[in-house]
There are 2 protein chains.
Amino acid sequence: MTQPPTLDNQTGHDNNPFLHLIHSPAIILVEPQLGENIGTAARAMANFGLRDLRIVNPRDGWPSEKAFKASANAYPVIENARIFTSIEEAIADLQFICATTARPRDMVKQILSPETATETMFHKASENQTIGILFGREKSGLTNDDISLADAIVIAPVDPTCASLNLAQMVLLMGYEWRKQLDPATLGRKTQFDGPAKEGTELKTNRPANKKELVNLFQHLKKELEYAGFLRSVEKTPQMMRNVRNMIIRMQPTDQDVRTLRGMIASLVKGPHDSGQK
Amino acid sequence: MTQPPTLDNQTGHDNNPFLHLIHSPAIILVEPQLGENIGTAARAMANFGLRDLRIVNPRDGWPSEKAFKASANAYPVIENARIFTSIEEAIADLQFICATTARPRDMVKQILSPETATETMFHKASENQTIGILFGREKSGLTNDDISLADAIVIAPVDPTCASLNLAQMVLLMGYEWRKQLDPATLGRKTQFDGPAKEGTELKTNRPANKKELVNLFQHLKKELEYAGFLRSVEKTPQMMRNVRNMIIRMQPTDQDVRTLRGMIASLVKGPHDSGQK
């Protein structure tokens, strides 16, 4: 299994130099029918840091109040959207294009998954190529003519019995996979890139307990368990205490955890009778 | 770059043996507010072949006409959804749980990406463990108490300036990553994968405790700590018990470990006076 990404990689990429060096893909919506769908697609773009929205012949015109509302505050994406009257115009400046489709077409064209498509696009972008992703009409998708303009086809690995994703969902998956390409943790797997200061895989407010604290805890617990008669079998005691040590070590306790555990043990042993005395 | 998956991997997994051998994660929606959101979440599940929907206290009751409509034909998921009155009940039979959150919490808990979380879950499932994913309320997410029942936290790598994903979108991303785990192309990349459920290859005397056993342990411990006067501060009790739950869950106890811990607690409480009686 791969190393889990660090906290920083999960929550923010502000200090990720790749965000500023790599051109993100343009998102090209071909003849979308409903403003709401344009809005939710824009929102999904914003979730993953995509900015370049291009719309070919939106059926209900532009600007669209419905798109604006449905974008749930992703206004910059909507406001900066560019409208085109043909796909050819919309992709004129782009060098590598993927076309999303729900099913393969009868064409000789490379078929990629969202992951391999974004890997390929990232590779192109890192060579300063301009890239984009085509998304079709809600009902009918992209025509074969549309697709013929693309360098590759992208199909999501959906369940064949329930295969249709809506426009915003497909934009979401592509945006998500693109974002993963920019993640230093992902980059680390591919290119040995070390990324920014790795601060461990967990949020730690306390330091891990040291072995001395753990040994003291084990001794405290053993003494009380012996006193209570829990460790009556002399032969079984070593195995039992090994199990207990393994359990507690698996817990990866902090120094505070060790204090809590020792407090609990002392309290359970003392019982309620003395509890008012302190 | 990896080899692009073949067409078969992209469009259908019907002949993928892993689909039938591996238990998919349960999707647990905690106190969802709107039926529409339950419906779109169910649809996202169906898109990626997930079937086991569990709902804790849906605000607007159940069954929900709105959920049914919004599911866009994912009726089997909606019709087979199970309703629970507490998270503890909803996860009682599960052995490994991830909690989806928008931000890290002040807890010592492993933080995973959707990808690493599903890798981990796939690994657990291939050892025949039962797995699930918790999703919080639309407005407020999961509470720290909810999260303390989970083995790990999942955070999607969103843009920090536009970080919120809706319920169905988060379910979509998790379902998508889960599906990728089952994809033969993905499996091909995993060098360590030996296939599911090989009996006899590993000496396993114990199974991981399920959440019901853990909840019973927490309740037992809490009762005794209260009785002993350890939990005297009413305000601090919830935080203290969260810490204890987190510690024990990090321990990844087996069913035998839970019995050992409960035996230790009982013994410490009873003390030496009765030890000669048996």
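Predicted model: local features only at pLDDT ≥ 70, side-chain atom pairs only at ≥ 80, totals over all residues.
In chain A, strand β1 (residues 26–30) runs parallel to strand β2 (residues 53–56), and 4 bridges tie the pair together; strands count as paired if DSSP finds at least two bridges between them. Residues are numbered from 1 along each chain as its sequence is written, chains are lettered from A in the order written, and side-chain values use heavy atoms, with hydrogens and water left out.

**Sheet in chain A**

- Val30(A) has Val56(A) as its bridge partner in β2(A).
- The open sheet has 7 strands, ordered β3-β2-β1-β6-β4-β7-β5, with parallel pairing; strands here are DSSP runs (E, at least two residues), and helices are runs of H or I with at least four, both numbered from the N terminus.
- β3 (82–84) and β5 (110–112) of chain A sit at the edges with a single partner strand each, so one side of each has no neighbour in the sheet.
- The twist from one strand to the next averages 25 degrees.
- Helix α9 (residues 167–182) of chain A packs on the sheet and touches β1, β4, β6 and β7 of chain A, its direction making about 155 degrees with that of β6(A). Axes are lines fitted to C-alpha atoms (for helices, over the stretch in contact), with angles from 0 to 180 degrees between N-to-C directions.

**Sheet in chain B**

- Chain B has an open sheet of 7 strands in the order β3-β2-β1-β6-β4-β7-β5, paired in parallel.
- Its edge strands are β3 (82–84) and β5 of chain B, each pairing on one side only.
- β1 (residues 26–30) and β2 (residues 53–56) of chain B run parallel, joined by 4 bridges.
- Ile27(B) stands opposite Leu53(B) in β2(B).

**Where the chains meet**

- 80 residues of chain B are in contact with 80 residues of chain A (heavy atoms within 4.5 Å).
- Together the chains bury about 7,100 Å², 61% of it on carbon and sulfur atoms; that is the accessible area (1.4 Å probe) lost on being put together, summed over both.
- The interface has 9 salt bridges, meaning a side-chain nitrogen of Lys or Arg within 4 Å of a carboxyl oxygen of Asp or Glu.
- Asp159(A) forms a salt bridge with Arg51(B), with the closest N and O atoms 3.6 Å apart.

Definitions and conventions. Buried area = accessible area lost by both parts, 1.4 Å probe.
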